[in-house]
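Here is a short note to read beside the model. Keep the structure open and find each residue as it comes up.

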Amino acid sequence: MLQVSRANNLKIPKTIENISNNLNSVEDKMAVKRAIAIANDEKFSSNETIVDDEELKRTQKIPFNANDLIVITHVKKLGAYVIAVTEKSPKKFRGVFVNRMQNYCLDTLEYLLEANFIRMDSIENKKKREEYQKEAIVKLKLLGYISMVAETSSCILKRQYKEITRQLAEGINLISAWKKSDDERFRKKS
(Lines give C-alpha, C1' and ligand atoms only; values in the text may rest on other atoms or scores of the structure.)
Protein backbone atom coordinates (compact mmCIF):
# COMPACT_ATOMS: atom_id res chain seq x y z
CA MET A 1 0.00 0.00 0.00
CA LEU A 2 1.34 3.42 -0.93
CA GLN A 3 1.35 6.05 1.77
CA VAL A 4 1.73 9.70 0.92
CA SER A 5 3.23 12.17 3.34
CA ARG A 6 4.81 15.59 3.02
CA ALA A 7 8.25 14.03 3.07
CA ASN A 8 7.36 11.41 0.46
CA ASN A 9 5.32 13.16 -2.23
CA LEU A 10 3.69 11.39 -5.12
CA LYS A 11 5.66 11.95 -8.28
CA ILE A 12 3.12 12.60 -11.01
CA PRO A 13 4.57 12.78 -14.52
CA LYS A 14 4.41 16.20 -16.19
CA THR A 15 3.73 14.71 -19.63
CA ILE A 16 1.78 11.65 -20.59
CA GLU A 17 3.19 9.46 -23.32
CA ASN A 18 1.06 9.43 -26.46
CA ILE A 19 0.54 5.87 -27.69
CA SER A 20 -0.56 5.82 -31.30
CA ASN A 21 -0.59 2.08 -32.07
CA ASN A 22 -3.15 -0.44 -30.89
CA LEU A 23 -2.11 -2.28 -27.73
CA ASN A 24 -4.85 -4.91 -27.84
CA SER A 25 -3.75 -8.50 -28.33
CA VAL A 26 -5.39 -10.93 -30.73
CA GLU A 27 -7.28 -12.46 -27.80
CA ASP A 28 -8.60 -9.01 -26.84
CA LYS A 29 -9.78 -8.38 -30.39
CA MET A 30 -11.52 -11.77 -30.52
CA ALA A 31 -13.25 -11.08 -27.17
CA VAL A 32 -14.51 -7.72 -28.47
CA LYS A 33 -15.80 -9.31 -31.69
CA ARG A 34 -17.55 -12.04 -29.67
CA ALA A 35 -19.17 -9.46 -27.34
CA ILE A 36 -20.39 -7.36 -30.29
CA ALA A 37 -21.85 -10.44 -31.99
CA ILE A 38 -23.67 -11.47 -28.79
CA ALA A 39 -24.99 -7.93 -28.29
CA ASN A 40 -26.35 -7.88 -31.86
CA ASP A 41 -27.85 -11.41 -31.53
CA GLU A 42 -25.57 -12.65 -34.31
CA LYS A 43 -23.68 -15.90 -34.60
CA PHE A 44 -20.00 -15.76 -33.75
CA SER A 45 -17.63 -18.18 -35.43
CA SER A 46 -14.86 -19.20 -33.05
CA ASN A 47 -12.90 -20.46 -36.06
CA GLU A 48 -12.61 -16.90 -37.29
CA THR A 49 -9.19 -15.50 -36.55
CA ILE A 50 -7.60 -12.11 -36.78
CA VAL A 51 -4.22 -12.37 -38.41
CA ASP A 52 -1.89 -9.89 -36.79
CA ASP A 53 1.23 -11.92 -37.44
CA GLU A 54 3.50 -10.20 -39.96
CA GLU A 55 5.87 -13.19 -40.09
CA LEU A 56 2.99 -15.52 -40.93
CA LYS A 57 1.75 -13.17 -43.66
CA ARG A 58 5.24 -13.10 -45.13
CA THR A 59 5.68 -16.88 -45.12
CA GLN A 60 2.21 -17.50 -46.58
CA LYS A 61 3.44 -15.83 -49.76
CA ILE A 62 5.95 -18.63 -50.40
CA PRO A 63 4.67 -20.43 -53.51
CA PHE A 64 4.08 -24.16 -53.63
CA ASN A 65 6.53 -26.02 -55.84
CA ALA A 66 4.71 -28.50 -58.06
CA ASN A 67 7.73 -30.85 -57.97
CA ASP A 68 7.79 -31.17 -54.17
CA LEU A 69 5.57 -33.27 -51.97
CA ILE A 70 3.04 -31.27 -49.96
CA VAL A 71 4.77 -32.27 -46.72
CA ILE A 72 8.12 -30.96 -47.97
CA THR A 73 6.58 -27.63 -49.00
CA HIS A 74 4.81 -27.43 -45.63
CA VAL A 75 8.07 -28.00 -43.72
CA LYS A 76 9.77 -25.36 -45.88
CA LYS A 77 7.06 -22.87 -44.87
CA LEU A 78 7.40 -23.88 -41.21
CA GLY A 79 11.16 -23.32 -41.42
CA ALA A 80 10.67 -19.92 -43.05
CA TYR A 81 8.21 -18.97 -40.30
CA VAL A 82 10.54 -20.10 -37.51
CA ILE A 83 13.44 -18.17 -39.05
CA ALA A 84 11.27 -15.05 -39.44
CA VAL A 85 10.03 -15.30 -35.85
CA THR A 86 13.39 -15.99 -34.26
CA GLU A 87 15.27 -13.21 -36.04
CA LYS A 88 13.58 -10.75 -33.65
CA SER A 89 14.35 -12.78 -30.51
CA PRO A 90 16.44 -11.21 -27.75
CA LYS A 91 20.20 -11.70 -28.11
CA LYS A 92 20.49 -13.74 -24.92
CA PHE A 93 18.35 -16.51 -26.48
CA ARG A 94 20.04 -16.68 -29.87
CA GLY A 95 22.64 -19.21 -28.78
CA VAL A 96 20.18 -21.38 -26.88
CA PHE A 97 16.76 -21.51 -28.48
CA VAL A 98 17.09 -19.79 -31.85
CA ASN A 99 19.86 -22.03 -33.22
CA ARG A 100 18.12 -25.16 -32.02
CA MET A 101 14.73 -24.23 -33.46
CA GLN A 102 16.20 -23.31 -36.84
CA ASN A 103 18.39 -26.43 -36.94
CA TYR A 104 15.45 -28.71 -36.13
CA CYS A 105 13.53 -27.23 -39.06
CA LEU A 106 16.47 -27.72 -41.40
CA ASP A 107 17.12 -31.26 -40.12
CA THR A 108 13.48 -32.16 -40.69
CA LEU A 109 13.65 -30.87 -44.25
CA GLU A 110 16.87 -32.82 -44.82
CA TYR A 111 15.33 -36.09 -43.58
CA LEU A 112 12.22 -35.62 -45.71
CA LEU A 113 14.25 -34.92 -48.83
CA GLU A 114 16.43 -37.97 -48.21
CA ALA A 115 13.35 -40.13 -47.65
CA ASN A 116 11.80 -38.82 -50.86
CA PHE A 117 14.85 -39.81 -52.94
CA ILE A 118 14.82 -43.43 -51.77
CA ARG A 119 13.00 -45.74 -54.16
CA MET A 120 10.82 -48.36 -52.52
CA ASP A 121 11.98 -51.26 -54.65
CA SER A 122 13.18 -53.47 -51.80
CA ILE A 123 12.40 -54.06 -48.14
CA GLU A 124 15.78 -52.54 -47.15
CA ASN A 125 15.00 -49.31 -49.01
CA LYS A 126 11.50 -49.22 -47.50
CA LYS A 127 12.98 -49.54 -43.99
CA LYS A 128 15.55 -46.83 -44.74
CA ARG A 129 12.79 -44.52 -46.00
CA GLU A 130 10.66 -45.21 -42.91
CA GLU A 131 13.66 -44.43 -40.70
CA TYR A 132 14.11 -41.02 -42.33
CA GLN A 133 10.40 -40.30 -41.98
CA LYS A 134 10.52 -41.29 -38.30
CA GLU A 135 13.58 -39.06 -37.74
CA ALA A 136 11.68 -36.15 -39.32
CA ILE A 137 8.78 -36.66 -36.89
CA VAL A 138 11.21 -36.80 -33.94
CA LYS A 139 12.83 -33.53 -35.04
CA LEU A 140 9.41 -31.87 -35.32
CA LYS A 141 8.48 -33.04 -31.82
CA LEU A 142 11.79 -31.69 -30.49
CA LEU A 143 11.04 -28.39 -32.23
CA GLY A 144 7.69 -28.35 -30.44
CA TYR A 145 9.35 -28.84 -27.07
CA ILE A 146 12.06 -26.22 -27.67
CA SER A 147 9.47 -23.71 -28.90
CA MET A 148 7.38 -24.34 -25.75
CA VAL A 149 10.41 -23.63 -23.56
CA ALA A 150 11.26 -20.60 -25.72
CA GLU A 151 7.74 -19.22 -25.25
CA THR A 152 7.85 -19.66 -21.47
CA SER A 153 11.24 -17.91 -21.43
CA SER A 154 9.85 -14.98 -23.50
CA CYS A 155 12.03 -15.76 -26.49
CA ILE A 156 8.98 -15.95 -28.77
CA LEU A 157 5.44 -14.65 -28.34
CA LYS A 158 2.45 -16.77 -27.37
CA ARG A 159 0.75 -16.26 -30.76
CA GLN A 160 3.98 -17.32 -32.51
CA TYR A 161 4.16 -20.45 -30.36
CA LYS A 162 0.53 -21.27 -31.18
CA GLU A 163 1.23 -20.91 -34.90
CA ILE A 164 4.36 -23.07 -34.67
CA THR A 165 2.46 -25.83 -32.85
CA ARG A 166 -0.39 -25.65 -35.36
CA GLN A 167 2.05 -26.06 -38.24
CA LEU A 168 3.92 -28.81 -36.37
CA ALA A 169 0.75 -30.83 -35.89
CA GLU A 170 -0.10 -30.46 -39.56
CA GLY A 171 3.42 -31.49 -40.56
CA ILE A 172 3.37 -34.59 -38.35
CA ASN A 173 -0.04 -35.55 -39.77
CA LEU A 174 1.27 -35.16 -43.33
CA ILE A 175 4.33 -37.32 -42.61
CA SER A 176 2.13 -39.98 -40.99
CA ALA A 177 -0.16 -39.97 -44.02
CA TRP A 178 2.88 -40.31 -46.28
CA LYS A 179 4.10 -43.32 -44.27
CA LYS A 180 0.66 -44.92 -44.45
CA SER A 181 0.52 -44.34 -48.21
CA ASP A 182 3.96 -45.93 -48.61
CA ASP A 183 2.85 -48.97 -46.60
CA GLU A 184 -0.25 -49.45 -48.78
CA ARG A 185 1.73 -49.03 -52.00
CA PHE A 186 4.40 -51.51 -50.89
CA ARG A 187 1.73 -54.02 -49.83
CA LYS A 188 0.12 -53.80 -53.29
CA LYS A 189 3.48 -54.36 -54.98
CA SER A 190 4.29 -57.43 -52.91
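1. **A term to start with.** A residue is called buried when its relative accessible area is under 20%. A residue over 50% is exposed, and anything in between is partly exposed. Keep in mind that this is a predicted model.

2. **The buried residues of α4.** Now apply the term to helix α4. Its buried residues are Phe93, Phe97, Val98, Met101, Tyr104, Cys105, Thr108, Leu109, Leu112 and Ala115. What do they pack against? Their partners are α3, α5 (123-152) and α6 (158-189).

3. **The length and bend of α4.** Helix α4 holds 26 residues. From its first C-alpha to its last it reaches 36 Å, close to the 38 Å expected at 1.5 Å a residue. Where does α4 bend? The bend is at Phe97, and it is about 40°.

4. The structure has two aromatic pairs. Phe93 and Phe97 have ring centres 5.6 Å apart. Rings count as a pair when their centres lie within 6.5 Å. Their planes meet at 35°, so this pair is tilted. Planes under 30 degrees apart would count as stacked, and planes over 60 as edge-to-face.

5. Phe93 and Phe97 both belong to helix α4 (residues 91-116). They are four residues apart there, so about one helical turn separates them. Are they buried or exposed? Phe93 has a relative accessible area of 11%, so it is buried. Phe97 comes to 10%, so it is buried too.

6. **Tyr81 in α3.** Look next at helix α3 (residues 70-86), where Tyr81 is found. Tyr81 has a relative accessible area of 0%, so it is buried. Now find Gln160. In sequence, Tyr81 and Gln160 are 79 residues apart. In space, their C-alpha atoms are 9.0 Å apart. Gln160 is one of the buried residues of α6.

7. **Lys126, a buried lysine.** Lys126 lies in helix α5. Is Lys126 buried or exposed? Its relative accessible area is 10%, so it is buried. Which residues does Lys126 touch? Leaving out residues up to four places away in sequence, it touches Met120, Asp183 and Phe186.

8. **Lys126 and Glu130.** The whole structure has eight salt bridges. One of them joins the side chains of Lys126 and Glu130, at 2.4 Å from N to O. These two are four residues apart in helix α5, so about one helical turn lies between them. Glu130 has a relative accessible area of 26%, so it is partly exposed.

9. **Lys126 and Asp183.** Lys126 also meets the side chain of Asp183 in a salt bridge, at 2.8 Å from N to O. This pair links distant parts of the chain. Asp183 is in helix α6, Lys126 is in helix α5, and they are 57 residues apart. Asp183 has a relative accessibility of 25%, so it is partly exposed. Taken together, Lys126, Glu130 and Asp183 are linked in a network of salt bridges.

10. Arg185 is at 45%, so it counts as partly exposed. Asp182 has a relative accessible area of 4%, so it is buried.

11. **Helix α6 as a whole.** How many residues does α6 have? It has 32, and it reaches 47 Å from first C-alpha to last. That is close to the 46 Å expected at 1.5 Å a residue. Its buried residues include Ile164, Leu168, Ile172, Ile175, Trp178 and Phe186. Phe186 is also among the residues that Lys126 touches.

12. **An exposed serine in a loop.** End with Ser154, in the loop between α5 and α6. Ser154 has a positive phi of about 65°, although it is not a glycine. Its relative accessible area is 54%, so it is exposed.

Terms used. Residues numbered from 1 in each chain as written. Predicted model: local features only at pLDDT ≥ 70, side-chain atom pairs only at ≥ 80, totals over all residues. Heavy atoms only, no water. Phe/Tyr/Trp six-rings, centres within 6.5 Å; stacked < 30°, edge-to-face > 60°. Buried < 20%, exposed > 50% of the residue type's maximum accessible area, 1.4 Å probe, protein only. Expected span 1.5 Å × (residues − 1). Bend = angle between axes of the 7 residues up to and from the residue. Contact = heavy atoms within 4.5 Å. Salt bridge = Lys/Arg side-chain N within 4 Å of Asp/Glu carboxyl O.
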